[in-house]
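Take a look at the chain below. The walk-through starts with a term, then moves from helix to surface.

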Amino acid sequence: MFFLSVPQVWHLVGTWSEQLPSESNLAGMGQRELMMTLHSIFLPLFLVISYYLFNRLYKNQSKNLKG
């Protein structure tokens, strides 16, 4: 019932949407902090996945060469 209220809560004066700074995003971080956080999450994930795929491809090629 809370989300069906009219007017919607996020449009009322004094709620979180009114207090958000104009230069900020919803995470509350600046552009530099947001990019550092995203890189620290996705770069290791990308490296682990690429290492796994590289090893899998290498093992498949070595099996094919052996006959």
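The bend at a residue is the angle between two fitted axes, one for the seven residues ending there and one for the seven starting there. The model is predicted: local features need pLDDT of at least 70, side-chain atom pairs count only at pLDDT 80 or more, and totals for chains, interfaces and linings use all residues. Residues are numbered from 1 along each chain as its sequence is written, and side-chain values use heavy atoms, with hydrogens and water left out.

The chain has two helices and zero strands (DSSP runs numbered from the N terminus: H or I of at least four residues for helices, E of at least two for strands). H2 bends by about 25° at His 39. Its 36 residues reach 51 Å from first C-alpha to last, close to the 52 Å expected (1.5 Å times one less than the number of residues).

Met 35 lies in H2, residues 31-66. At 34% relative accessibility, Met 35 is partly exposed (buried is under 20%, exposed over 50%, partly exposed in between, with a 1.4 Å probe and protein chains only). Of the chain's 67 residues, 1% are buried.
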